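I opened this model to see what could be looked up in it. My entries follow.

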Amino acid sequence: MALDGCGFVCKYILILFNVIFAILGFVLLGLGLWLRFSNITRPIFYIDGSSTFVYAVIILILLGTVMLLLVTIGDYGPCSGKKCALQLSSVLLSILAIALVGVGVVAYAQRQKVGMWVAGFYIIIYTLFAATGDAGLGVTLLFVHEMLHCCGVTGITLLELVKETCPRPRGFFENIAMSTCPGAITDFFTSSAPRVMAIFFGTGALLITALVCTIIRLKRSKRNLMAYAAHYCAV
């Protein structure tokens, strides 16, 4: 089916968007499944099914699944030009964009609670790594420590159980003590709440851009079908 310039550009914007979302979806789903079925973390689901850790893992799995479902439908629609696939993709993009904007607003309004919730998730990962030394959990802690430049739950280098995952000190006093990670996480969500909300809004804007491109592709598809129908009727 021939496309004009706008339809052609929209097609490849959607394909690029789907590639990015596919990577993120696989990462989130893989991390969630690993945390759910790992021999180290699996007992948590049987001991305390209502803990912060359990809810966080369920969110990771659901979010990764939804993103991959959106990618599957989103790839099929632009590549095939099928009307039903483009319509379903438009509906899913609309729902996800509205949900992301809503989550951003809630995260901003409840930034202290969100910060405490994420800090609680960190403490569980920290405790499991300190007890087992699992490499996957260690990589997770290393990522958090480097991103926030903090060191464990104590911040005191000599006492810290996970000091091998702590970042390099930036000054003399940091050789003795750094910021604690639960405190750094809470401060991040409190002081950087506008930035966090901007991330949600920016992602929502990307989804809306993909939605606009999907609608354009849908209209072009309808127009082409009508043109073909008129041509065959004339013949």
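**Nonpolar patch**

I started with Ile59 and found it in helix H3; helices here are DSSP runs of H or I of at least four residues, and strands are E runs of at least two, numbered from the N terminus. The model is predicted, so local features need pLDDT of at least 70 and side-chain atom pairs count only at pLDDT 80 or more, while totals for chains, interfaces and linings use all residues. Residues are numbered from 1 along each chain as its sequence is written, and side-chain values use heavy atoms, with hydrogens and water left out.

I looked up how open Ile59 is: with a relative accessible area of 47%, Ile59 is partly exposed. (Buried means under 20% relative accessible area, exposed over 50%, partly exposed in between, with a 1.4 Å probe and protein chains only.)

Which residues make the nonpolar surface patch? I listed Tyr55, Ile58, Ile59, Leu62, Leu63 and Trp117, with an area of about 560 Å². Patches are made of residues with over 30% relative accessible area and no salt bridge; like charges are joined within 9 Å, and nonpolar side chains (Val, Leu, Ile, Met, Phe, Trp, Tyr) within 5 Å. The areas come from the Shrake-Rupley method with a 1.4 Å probe, and for residues only the protein chains shown count as cover. A salt bridge is a side-chain nitrogen of Lys or Arg within 4 Å of a carboxyl oxygen of Asp or Glu. Helix H3 (residues 52-80) gives the largest share of the patch, 5 residues.

Among the buried residues of H5 I noted Phe121, Tyr122, Ile125 and Phe129. Gly133 follows H5 and has a positive phi, near 70 degrees.

I did the same for H6: its 14 residues should span 20 Å, and its end C-alpha atoms are 20 Å apart, which agrees. In H6, I found Leu137, Gly138, Leu141, Val144, His145 and Leu148 buried. They cover an arc of only 125 degrees around the axis, so they lie on the same side of H6; the arc is that of the directions from the helix axis to the C-beta atoms. Ala135, Val139, Phe143 and Met147 are exposed on the other side of H6.

His149 lies in the loop between helix H6 (135-148) and helix H7 (181-191). Its phi is near 50 degrees, a positive value in a residue other than glycine. Most residues other than glycine have a negative phi. His149 has 11% relative accessibility and counts as buried.

How many disulfides does a search of the whole structure find? I got 2 disulfides, a disulfide being a pair of cysteine sulfur atoms within 2.5 Å. One joins Cys150 and Cys181, with sulfur atoms 2.1 Å apart. This pair links distant parts of the chain, 31 residues apart: Cys150 is in the loop between H6 and H7, and Cys181 is in helix H7. The link of Cys150 and Cys181 is right-handed, with 95 degrees about the S-S bond. Cys150 is buried at 0% relative accessibility, and Cys181 is buried at 0% as well.

Cys151 is joined to Cys166 by a disulfide, S to S 1.9 Å. Both Cys151 and Cys166 lie in the loop between H6 and H7, so the pair ties together parts 15 residues apart in sequence. With the bonded cysteines numbered in sequence order, I recorded the pairing as 1-4, 2-3.

How values were computed:
The expected span of a helix is 1.5 Å times one less than its number of residues.
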